[in-house]
Amino acid sequence: MSTNEALLTLEGWYTYHDFRKINWEKWKKATPEERNAAVDELQGLLKAWDANEQEQAGSTAVYSILGHKADLVFMFLRPTMQELDAIKTAFNKTKFADFTEVDYSYVSVVELSNYVHNPGEDPKSNPHVRERLYPTLPKWEHICFYPMNKKRDGQDNWYMLTMQERAEMMRSHGMIGRKYAGKVKQIIGGSVGFDDWEWGVTLFANDPLEFKHIVYEMRFDEVSARYGEFGNFLVGNRVTAESLQAMLQV
Ligand code: VOV
């Protein structure tokens, strides 16, 4: 049995998605003083995360999640796993955290699968590549997150394909993706060895229908149609300091 060429991947910032459910019963029973103190502390964290983004030392996105799976997602990009761990611990020490439960989380690292690199070039010296590895998350209205694998099942085994076969399929995938330029921004987190799936896909859009359109269109493309395996989808709306205040007002 032959071994196929593993792909050279490029990695950027480490990524942590923290999906929280709010214990509304507990929140409503708290005194207004307790709630105000918890919200003030949370607003302080938002400011600190914003300052980190201004310094280009990471990026953070906060969205409210629809459906029963979670109420909020905090998505963090940071240079090291230690920083992500420190953020998680600092959050868990807040009063607000006492009113939440972690419902789901995802650990990955921003990844570019280098199917399309220019030979001879150090990819990390290319500003376009750097922008994608160390991105500032867009302040777009909606987020969509889901984990996925490439299938390893009998004849449909992605990892047994040749580099050329994989590169051709990824080219077709990229062509579909390009049609959504300016409408959908994707952050692909590689999570082999870090979490339960191979990638965490995070999409941003101002119109949530674009999520439905891109995911549907890609389902007809061979790489997703034949090889894509998907976990739970989560979708949500952007939260700002003001809208978070309003959301937590009871
Ligand atoms: C928003 C549009 C968009 C665009 C432009 C785009 C382009 C590209 C390019 C050019 C490349 C390859 C090089 C690289 O840059 O990594 C990729 C890579 C990848 N993609 Fe993608 N993708 C998009 C969007 C996009 C979506 C919506 C999905 C989910 C698939 C679906 O069916 O639900 C996805 C998945 C991935 C994955 C898992 C990888 C890594 C695959 C691997 O085997 O390594 N992706 N993607």
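The largest nonpolar core has 23 residues, and those with the most contacts inside it are Trp-49, Phe-91, Phe-96 and Leu-248. A nonpolar core here is a set of buried Ala, Val, Leu, Ile, Met, Phe, Trp, Tyr and Cys residues joined through side-chain atoms within 4.5 Å; buried means under 20% relative accessible area, exposed over 50%, and partly exposed in between (1.4 Å probe, protein chains only). At least two residues of this core come from each of strand S1 (9-22), helix H2 (32-54), strand S3 (72-78) and helix H3 (81-92). H2 gives the most, with 6 residues. Helices (H or I, at least four residues) and strands (E, at least two) are DSSP runs, numbered from the N terminus.

The model is predicted: local features need pLDDT of at least 70, side-chain atom pairs count only at pLDDT 80 or more, and totals for chains, interfaces and linings use all residues. Residues are numbered from 1 along each chain as its sequence is written, and side-chain values use heavy atoms, with hydrogens and water left out.

Leaving aside neighbours within four places in sequence, Leu-248 is in contact (heavy atoms within 4.5 Å) with Ile-22, Trp-24, Trp-27, Val-39, Leu-42 and Phe-96.

At the ligand, the iron atom has a single protein donor, His-173 (NE2), 2.1 Å away. Donors are N, O and S atoms within 2.8 Å of the metal (3.2 Å for Na, K and Ca); water is not among the atoms, so sites may look incomplete. His-173 is placed in helix H5 (residues 163-178). H5 also gives the most to the shell around the ligand, with 5 residues.

The ligand is surrounded by 23 residues, each with a heavy atom within 4 Å of it. These residues divide into 14 nonpolar, 6 polar and 3 charged; Ala, Val, Leu, Ile, Met, Phe, Trp, Tyr, Cys and Pro count as nonpolar, Asp, Glu, Lys and Arg as charged, and the others, Gly among them, as polar.

| Side chain | Ligand atom | Distance |
|---|---|---|
| His-173 | nitrogen | 2.9 Å |
| Arg-132 | oxygen | 3.1 Å |
| Gln-186 | nitrogen | 3.5 Å |

Gly-12 lies in strand S1. Gly-12 counts as buried because its relative accessibility is 10%. Not counting residues up to four places away in sequence, Gly-12 touches Val-109, Val-110, Leu-133 and Tyr-134.

Key
A polar contact is a pair of N or O atoms within 3.5 Å; within protein, one must be able to donate a hydrogen and the other to accept it, and residues adjacent in sequence count only if both atoms are side-chain atoms.
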